[in-house]
Amino acid sequence: MAGRIPLVLLACGSFNPITHQHMRLFELARDHMHQTGLYRVVGGIVSPVGDNYGKQGLVVSKHRLAMARLALQSSDWVSVDDWESQQADWTETVVTMRYHYDHIAAQYHNSKDPLTASDVPQLKLLCGADFMDTFKVPGLWRDDHVEEVVGRFGLVCVSRGSLQPDRAIHESDLLSRHRQRIFLVREWVHNEISATEVRRALRRGQSVKYLLPDSVIDYIREHNLYTQDSEMMNKEVKLRPLTMQTIQD
């Protein structure tokens, strides 16, 4: 793949818990980007959101990080990063992307190999099709942040069931303007694993085997995660992005 643009894929989200679907996103996206003939994927990053996000049922980040690391033990190119989850407050996706791009660039610039130092990878946000609909939620995203995420970095979006990410692009002038920076990946082998449904099954005492790696299931049992009580966490709390937008307005 000589001459291709090096690329790192970054996935931000709750990972509550991480599932086989989350991990498949990376494999599907890497195949697609290689098939464009333009890119060479050199790494992937899982970045769990911080505890202050305010989402109902969100277990503390130390558990979500631990489960993600267990799930990705066999991967030789995707890693788990705790920077976002360790910040004092919830961090906007664009801020997380800036951090990781600067961190990657510094690593390459500090390389003793002059060829490596001049070949800093691009960074793109990896997401599922449901993520595209978040751009339409009033108050959830600032326009300038969407502009930077899509226009400066770019998106790699993997289809999910009947969701139509291309419709979200069509219905948004901002996204349509950067259509060439959005890569849509078709998932032909449908995978409908939902972390929400996994949590529901767990708190009802039902099996989630083959939905999650066995190591993650063992961790959940060991730490008694995803119970009726844990699902009530943040129930009356407004999502932090919405409260931040209110303050800024």
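Mentor: Rings of Phe, Tyr and Trp, the last taken by its six-membered ring, form a pair if their centres lie within 6.5 Å. In this predicted model, such ring pairs link Phe-131, Phe-135 and Trp-141 into a cluster. Over the whole structure, a search finds eight aromatic pairs.

One of these is formed by Tyr-39 and Phe-183, whose ring centres are 5.7 Å apart and whose planes stand at 90°, an edge-to-face arrangement. Tyr-39 belongs to strand β2, residues 39-48, and Phe-183 to strand β6, residues 182-185, so this pair ties together parts that are 144 residues apart in sequence. Both Tyr-39 and Phe-183 are buried.

A second pair to examine is that of Trp-83 and Tyr-99. Planes under 30 degrees apart count as stacked; the planes of Trp-83 and Tyr-99 make 5°, with the centres 4.1 Å apart, so this pair is stacked. Trp-83 is found in the loop between β3 (78-80) and α3 (93-109), while Tyr-99 is in helix α3, so the pair ties together parts that are 16 residues apart in sequence. Tyr-99 has a relative accessibility of 25% and therefore counts as partly exposed.

Charged side chains also meet aromatic rings. Arg-186 lies over the face of Trp-188, at 4.3 Å from the ring centre. Likewise, Lys-209 is placed over the face of Tyr-210, at 5.2 Å from the centre of the ring.

The strands and the helix named above can now be set in their surroundings. Six strands make up an open sheet with parallel pairing, in the order β3-β2-β1-β4-β5-β6. Its edge strands are β3 and β6, each of which pairs on one side only. From one strand to the next, the twist averages 25°. Strand β2, which carries Tyr-39, pairs with β3 in the parallel sense over three bridges, and Gly-44 stands opposite Val-78 in β3.

Helices lie against this sheet. Helix α3, which holds Tyr-99, lies across β1 (5-13), β2 and β4 (122-128), and runs at about 140° to β4. Helix α6, residues 143-153, packs on the sheet as well, touching β4, β5 (155-158) and β6, and its direction makes about 120° with that of β4.

Notes: Residues numbered from 1 in each chain as written. Predicted model: local features only at pLDDT ≥ 70, side-chain atom pairs only at ≥ 80, totals over all residues. Heavy atoms only, no water. Phe/Tyr/Trp six-rings, centres within 6.5 Å; stacked < 30°, edge-to-face > 60°. Helix = DSSP H or I, 4+ residues; strand = E, 2+ residues; numbered from the N terminus. Buried < 20%, exposed > 50% of the residue type's maximum accessible area, 1.4 Å probe, protein only. Lys NZ or Arg CZ within 6 Å of the ring centre and 35° of its normal. Pairing = 2+ DSSP bridges. Axes fitted to C-alpha atoms, helices over the stretch in contact; angles between N-to-C directions. Contact = heavy atoms within 4.5 Å.
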